[in-house]
Amino acid sequence: MRGSARIILVLLGPPGAGKGTQASRIAVHYDIPAISTGAMFREAVQRGTRLGRIVQKCRIDQGEYVPDEIVIDAVRERTSEPDCIPGFLLDGFPRTIPQADSLNAMLEQQGQALNGVLDIEAPINEIIGRFSGRRVCPVDGSTYHLVTQPPQQPGICDICHSKLIMRPDDNSDVVRRRLEVYEQKTAPLRDYYRNLGQLREIDATGDPETVFGQVVSVIEALKAQTTPVL
Ligand code: ADP
Ligand code: ADP
(Lines give C-alpha, C1' and ligand atoms only; values in the text may rest on other atoms or scores of the structure.)
(Ligands and ions follow the chains in the order given, each with its own letter.)
Protein backbone atom coordinates (compact mmCIF):
# COMPACT_ATOMS: atom_id res chain seq x y z
CA MET A 1 0.00 0.00 0.00
CA ARG A 2 3.02 2.31 -0.29
CA GLY A 3 2.02 5.78 -1.48
CA SER A 4 -1.72 5.10 -1.37
CA ALA A 5 -4.01 5.57 1.59
CA ARG A 6 -6.49 2.97 2.75
CA ILE A 7 -10.11 4.09 2.76
CA ILE A 8 -11.68 3.53 6.16
CA LEU A 9 -15.27 4.68 6.52
CA VAL A 10 -18.12 4.34 8.98
CA LEU A 11 -21.84 4.52 8.16
CA LEU A 12 -23.90 5.89 11.01
CA GLY A 13 -27.66 6.47 11.02
CA PRO A 14 -30.90 5.06 12.42
CA PRO A 15 -32.02 1.55 11.53
CA GLY A 16 -33.95 1.53 8.28
CA ALA A 17 -32.44 4.78 6.96
CA GLY A 18 -30.70 3.04 4.06
CA LYS A 19 -27.15 2.31 5.32
CA GLY A 20 -26.98 -1.23 3.91
CA THR A 21 -28.27 -0.05 0.53
CA GLN A 22 -25.54 2.61 0.29
CA ALA A 23 -22.92 0.24 1.77
CA SER A 24 -23.34 -2.24 -1.12
CA ARG A 25 -22.91 0.54 -3.67
CA ILE A 26 -19.85 1.99 -1.89
CA ALA A 27 -18.27 -1.47 -1.71
CA VAL A 28 -18.59 -1.96 -5.47
CA HIS A 29 -17.54 1.59 -6.39
CA TYR A 30 -14.43 1.67 -4.16
CA ASP A 31 -13.70 -2.08 -4.24
CA ILE A 32 -13.58 -2.44 -0.46
CA PRO A 33 -15.54 -4.85 1.77
CA ALA A 34 -18.69 -3.55 3.46
CA ILE A 35 -18.75 -5.04 6.94
CA SER A 36 -22.19 -5.08 8.54
CA THR A 37 -22.09 -6.24 12.16
CA GLY A 38 -25.85 -6.93 11.99
CA ALA A 39 -25.37 -9.20 8.95
CA MET A 40 -22.38 -10.89 10.65
CA PHE A 41 -24.52 -11.65 13.70
CA ARG A 42 -27.50 -12.91 11.67
CA GLU A 43 -25.21 -15.19 9.66
CA ALA A 44 -23.50 -16.50 12.82
CA VAL A 45 -26.89 -17.31 14.38
CA GLN A 46 -28.05 -19.04 11.20
CA ARG A 47 -24.86 -21.11 10.97
CA GLY A 48 -24.94 -21.94 14.69
CA THR A 49 -21.33 -20.87 15.30
CA ARG A 50 -19.95 -20.07 18.77
CA LEU A 51 -20.53 -16.33 18.10
CA GLY A 52 -24.04 -17.16 16.90
CA ARG A 53 -24.88 -18.99 20.12
CA ILE A 54 -23.64 -16.04 22.19
CA VAL A 55 -25.51 -13.50 20.06
CA GLN A 56 -28.73 -15.50 20.22
CA LYS A 57 -28.80 -15.00 23.98
CA CYS A 58 -28.50 -11.19 23.52
CA ARG A 59 -32.07 -10.89 22.13
CA ILE A 60 -31.13 -9.06 18.94
CA ASP A 61 -34.47 -10.19 17.47
CA GLN A 62 -36.02 -7.97 20.16
CA GLY A 63 -33.85 -4.99 19.19
CA GLU A 64 -31.35 -5.26 22.06
CA TYR A 65 -27.66 -4.56 21.44
CA VAL A 66 -24.93 -7.17 21.60
CA PRO A 67 -22.46 -6.32 24.43
CA ASP A 68 -19.57 -4.10 23.39
CA GLU A 69 -16.73 -6.61 24.07
CA ILE A 70 -18.32 -9.20 21.78
CA VAL A 71 -18.93 -6.73 18.96
CA ILE A 72 -15.44 -5.25 19.26
CA ASP A 73 -13.75 -8.67 19.14
CA ALA A 74 -15.81 -9.66 16.10
CA VAL A 75 -14.89 -6.44 14.27
CA ARG A 76 -11.20 -6.71 15.22
CA GLU A 77 -11.10 -10.22 13.82
CA ARG A 78 -13.00 -9.37 10.62
CA THR A 79 -10.97 -6.23 9.83
CA SER A 80 -7.68 -8.12 10.12
CA GLU A 81 -8.62 -10.37 7.20
CA PRO A 82 -6.61 -9.80 3.99
CA ASP A 83 -9.50 -8.34 1.99
CA CYS A 84 -9.43 -5.34 4.38
CA ILE A 85 -5.89 -4.32 3.38
CA PRO A 86 -7.08 -1.71 0.83
CA GLY A 87 -9.59 -0.42 3.38
CA PHE A 88 -13.09 -1.19 4.57
CA LEU A 89 -16.49 0.24 5.30
CA LEU A 90 -18.22 -0.39 8.63
CA ASP A 91 -22.02 -0.47 8.50
CA GLY A 92 -23.67 -0.49 11.93
CA PHE A 93 -20.43 -0.29 13.92
CA PRO A 94 -19.65 1.56 16.13
CA ARG A 95 -23.02 1.86 17.83
CA THR A 96 -21.87 2.98 21.28
CA ILE A 97 -19.18 5.32 22.59
CA PRO A 98 -17.02 2.47 23.98
CA GLN A 99 -17.16 0.83 20.53
CA ALA A 100 -16.07 4.10 18.91
CA ASP A 101 -13.20 4.48 21.40
CA SER A 102 -12.06 0.92 20.65
CA LEU A 103 -12.18 1.52 16.92
CA ASN A 104 -9.99 4.61 17.32
CA ALA A 105 -7.53 2.66 19.47
CA MET A 106 -7.52 -0.26 17.00
CA LEU A 107 -6.77 2.05 14.06
CA GLU A 108 -4.18 4.07 16.00
CA GLN A 109 -2.27 0.86 16.78
CA GLN A 110 -1.99 0.31 13.03
CA GLY A 111 -0.98 3.94 12.37
CA GLN A 112 -4.32 4.52 10.61
CA ALA A 113 -7.30 6.78 11.12
CA LEU A 114 -10.86 6.97 9.91
CA ASN A 115 -11.36 8.96 6.72
CA GLY A 116 -14.79 9.92 7.95
CA VAL A 117 -18.23 9.01 9.22
CA LEU A 118 -21.23 9.30 6.91
CA ASP A 119 -24.39 9.96 8.88
CA ILE A 120 -27.27 8.57 6.79
CA GLU A 121 -30.40 10.42 7.93
CA ALA A 122 -34.03 10.33 6.80
CA PRO A 123 -37.24 11.67 8.37
CA ILE A 124 -39.04 9.28 10.73
CA ASN A 125 -42.07 8.73 8.46
CA GLU A 126 -39.73 7.74 5.64
CA ILE A 127 -37.85 5.36 7.96
CA ILE A 128 -41.09 3.66 9.04
CA GLY A 129 -42.07 3.18 5.38
CA ARG A 130 -38.65 1.70 4.62
CA PHE A 131 -38.92 -0.76 7.52
CA SER A 132 -42.41 -1.93 6.70
CA GLY A 133 -41.58 -2.61 3.04
CA ARG A 134 -38.15 -4.16 3.66
CA ARG A 135 -37.83 -7.78 2.53
CA VAL A 136 -34.62 -9.76 2.73
CA CYS A 137 -33.24 -12.98 1.34
CA PRO A 138 -32.59 -15.37 4.25
CA VAL A 139 -29.92 -17.16 2.20
CA ASP A 140 -27.69 -14.45 0.70
CA GLY A 141 -28.81 -11.48 2.82
CA SER A 142 -29.73 -9.24 -0.15
CA THR A 143 -32.27 -6.51 0.60
CA TYR A 144 -35.35 -5.37 -1.32
CA HIS A 145 -38.29 -3.05 -0.76
CA LEU A 146 -41.86 -3.88 -1.79
CA VAL A 147 -42.30 -0.47 -3.41
CA THR A 148 -38.96 1.25 -3.93
CA GLN A 149 -36.67 -1.71 -4.75
CA PRO A 150 -38.93 -4.63 -5.67
CA PRO A 151 -37.43 -7.95 -6.82
CA GLN A 152 -37.97 -8.89 -10.47
CA GLN A 153 -40.41 -11.65 -9.41
CA PRO A 154 -42.61 -10.77 -6.43
CA GLY A 155 -41.36 -12.39 -3.19
CA ILE A 156 -38.35 -14.10 -4.83
CA CYS A 157 -34.66 -13.21 -4.50
CA ASP A 158 -33.18 -12.01 -7.82
CA ILE A 159 -29.81 -13.59 -6.98
CA CYS A 160 -30.51 -17.06 -5.54
CA HIS A 161 -34.30 -17.39 -6.12
CA SER A 162 -35.03 -18.09 -2.44
CA LYS A 163 -38.31 -16.91 -0.91
CA LEU A 164 -37.92 -13.42 0.58
CA ILE A 165 -38.86 -12.82 4.22
CA MET A 166 -39.50 -9.90 6.55
CA ARG A 167 -36.76 -9.64 9.19
CA PRO A 168 -38.26 -10.69 12.58
CA ASP A 169 -36.88 -7.46 14.10
CA ASP A 170 -38.71 -5.37 11.46
CA ASN A 171 -42.12 -5.87 13.10
CA SER A 172 -43.56 -2.67 14.51
CA ASP A 173 -43.03 -3.35 18.26
CA VAL A 174 -39.39 -4.27 17.80
CA VAL A 175 -38.86 -1.33 15.42
CA ARG A 176 -40.08 1.01 18.17
CA ARG A 177 -37.57 -0.52 20.60
CA ARG A 178 -34.73 -0.35 18.04
CA LEU A 179 -35.36 3.34 17.39
CA GLU A 180 -35.43 3.96 21.14
CA VAL A 181 -32.13 2.08 21.72
CA TYR A 182 -30.63 3.98 18.78
CA GLU A 183 -31.56 7.35 20.31
CA GLN A 184 -30.16 6.36 23.72
CA LYS A 185 -26.97 4.60 22.76
CA THR A 186 -26.02 5.49 19.20
CA ALA A 187 -27.28 9.02 18.47
CA PRO A 188 -24.65 10.47 20.90
CA LEU A 189 -22.02 9.30 18.41
CA ARG A 190 -23.09 12.15 16.13
CA ASP A 191 -21.65 14.69 18.57
CA TYR A 192 -18.69 12.40 19.27
CA TYR A 193 -17.67 12.39 15.60
CA ARG A 194 -18.75 15.99 14.99
CA ASN A 195 -16.32 17.06 17.74
CA LEU A 196 -13.56 15.08 16.02
CA GLY A 197 -14.39 16.88 12.75
CA GLN A 198 -15.20 13.51 11.11
CA LEU A 199 -19.00 13.65 10.73
CA ARG A 200 -20.56 14.21 7.30
CA GLU A 201 -24.35 14.34 7.07
CA ILE A 202 -26.11 12.67 4.16
CA ASP A 203 -29.75 13.47 3.40
CA ALA A 204 -31.10 10.00 2.54
CA THR A 205 -34.59 11.19 1.55
CA GLY A 206 -34.17 10.75 -2.22
CA ASP A 207 -33.99 7.56 -4.24
CA PRO A 208 -30.93 5.31 -3.70
CA GLU A 209 -29.08 6.62 -6.79
CA THR A 210 -29.54 10.27 -5.76
CA VAL A 211 -28.35 9.49 -2.23
CA PHE A 212 -25.36 7.61 -3.65
CA GLY A 213 -24.41 10.69 -5.69
CA GLN A 214 -24.11 12.65 -2.44
CA VAL A 215 -22.23 9.80 -0.79
CA VAL A 216 -19.60 9.67 -3.54
CA SER A 217 -19.00 13.42 -3.47
CA VAL A 218 -18.55 13.33 0.31
CA ILE A 219 -16.13 10.37 0.08
CA GLU A 220 -14.13 12.06 -2.68
CA ALA A 221 -13.80 15.20 -0.52
CA LEU A 222 -12.70 13.05 2.45
CA LYS A 223 -10.13 11.22 0.32
CA ALA A 224 -8.72 14.51 -0.93
CA GLN A 225 -8.15 15.58 2.69
CA THR A 226 -6.23 12.40 3.57
CA THR A 227 -2.47 12.49 3.59
CA PRO A 228 -1.20 9.39 1.78
CA VAL A 229 0.29 6.74 4.07
CA LEU A 230 3.93 6.28 2.98
P1 ADP B 1 -30.21 -2.10 10.78
O2 ADP B 1 -29.76 -2.47 9.40
O3 ADP B 1 -31.68 -2.08 10.84
O4 ADP B 1 -29.58 -0.85 11.27
P5 ADP B 1 -28.43 -4.15 11.66
O6 ADP B 1 -28.58 -5.21 10.65
O7 ADP B 1 -27.26 -3.24 11.50
O8 ADP B 1 -29.76 -3.30 11.75
O9 ADP B 1 -28.35 -4.79 13.12
C10 ADP B 1 -29.30 -5.75 13.56
C11 ADP B 1 -29.16 -5.93 15.05
O12 ADP B 1 -27.86 -6.48 15.36
C13 ADP B 1 -29.22 -4.64 15.86
O14 ADP B 1 -30.56 -4.26 16.12
C15 ADP B 1 -28.49 -5.05 17.14
O16 ADP B 1 -29.32 -5.85 17.94
C17 ADP B 1 -27.37 -5.95 16.59
N18 ADP B 1 -26.15 -5.16 16.31
C19 ADP B 1 -25.63 -4.88 15.09
N20 ADP B 1 -24.52 -4.14 15.20
C21 ADP B 1 -24.32 -3.92 16.51
C22 ADP B 1 -23.37 -3.18 17.27
N23 ADP B 1 -22.38 -2.50 16.65
N24 ADP B 1 -23.49 -3.17 18.61
C25 ADP B 1 -24.46 -3.85 19.24
N26 ADP B 1 -25.40 -4.56 18.61
C27 ADP B 1 -25.35 -4.59 17.23
P1 ADP C 1 -30.45 0.09 7.06
O2 ADP C 1 -29.25 -0.73 6.65
O3 ADP C 1 -30.07 1.50 7.44
O4 ADP C 1 -31.27 -0.56 8.11
P5 ADP C 1 -31.54 -0.60 4.41
O6 ADP C 1 -30.45 -0.21 3.45
O7 ADP C 1 -31.73 -2.04 4.67
O8 ADP C 1 -31.38 0.25 5.79
O9 ADP C 1 -32.88 0.05 3.85
C10 ADP C 1 -34.13 -0.14 4.51
C11 ADP C 1 -35.22 -0.38 3.45
O12 ADP C 1 -35.42 0.82 2.69
C13 ADP C 1 -34.86 -1.46 2.44
O14 ADP C 1 -36.04 -2.16 2.11
C15 ADP C 1 -34.34 -0.68 1.23
O16 ADP C 1 -34.61 -1.39 0.02
C17 ADP C 1 -35.12 0.63 1.31
N18 ADP C 1 -34.32 1.81 0.90
C19 ADP C 1 -33.02 2.05 1.18
N20 ADP C 1 -32.63 3.24 0.70
C21 ADP C 1 -33.74 3.78 0.09
C22 ADP C 1 -33.99 5.02 -0.58
N23 ADP C 1 -33.02 5.93 -0.74
N24 ADP C 1 -35.23 5.24 -1.04
C25 ADP C 1 -36.21 4.31 -0.89
N26 ADP C 1 -36.05 3.13 -0.25
C27 ADP C 1 -34.82 2.86 0.25
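## A guided tour, starting at a loop

Select D31 first: you'll find this residue in the loop between α1 and β2 (34-36). Those labels come from DSSP runs numbered from the N terminus, with helices being H or I runs of at least four residues and strands being E runs of at least two. You're looking at a predicted model, where local features need pLDDT of at least 70, side-chain atom pairs count only at pLDDT 80 or more, and totals for chains, interfaces and linings use all residues. Residues are numbered from 1 along each chain as its sequence is written, chains are lettered from A and ligands numbered from 1 in the order written, and side-chain values use heavy atoms, with hydrogens and water left out.

**Stop 1**

Most residues other than glycine have a negative phi, and most peptide bonds are trans. D31 counts as exposed because its relative accessibility is 64%; the cut-offs are under 20% for buried, over 50% for exposed and partly exposed in between, using a 1.4 Å probe and protein chains only.

Now jump to R59, in the loop between α3 (50-56) and α4 (68-79). R59 also has a positive phi, about 60°, and is partly exposed at 47% relative accessible area.

Next, pick F93 and P94, which are joined by a cis peptide bond with omega about -5°. P94 sits in the loop between β3 (87-91) and α5 (97-109).

**Stop 1: ligand 1**

Select ligand 1 and show what surrounds it.

A polar side-chain atom of R178 is 2.4 Å from an oxygen atom of ligand 1. For E64, a backbone N or O atom is 2.7 Å from a ligand 1 oxygen. The protein covers 96% of the 550 Å² of accessible area that ligand 1 has on its own, by the Shrake-Rupley method with a 1.4 Å probe (for residues, only the protein chains shown count as cover).

Click on R178 itself, in helix α7 (residues 172-186). Is R178 buried or exposed? R178 is buried, at 10% relative accessible area. Leaving out residues up to four places away in sequence, R178 touches several residues, including F131, R134 and D169; touching means heavy atoms within 4.5 Å.

**Stop 2: ligand 2**

Move on to ligand 2, with 20 residues around it; G16, T21, R134, Y144 and Q149 come nearest. An oxygen atom of ligand 2 is 2.6 Å from an N or O atom in the T21 side chain, and for the R134 side chain an oxygen of ligand 2 is likewise at 2.6 Å. The protein covers 94% of the 560 Å² of accessible area that ligand 2 has on its own. Highlight α1 (19-30), β6 (143-145) and α9 (208-225), the elements that give two or more residues to this shell.

**Last stop: zoom out**

Show the whole chain, with its nine helices and seven strands. Of its 230 residues, 46% count as buried. The C-alpha atoms fill a box of roughly 50 × 40 × 35 Å along the principal axes.

Methods:
A residue is near a molecule or strand if one of its heavy atoms lies within 4 Å of it. A polar contact is a pair of N or O atoms within 3.5 Å; within protein, one must be able to donate a hydrogen and the other to accept it, and residues adjacent in sequence count only if both atoms are side-chain atoms.
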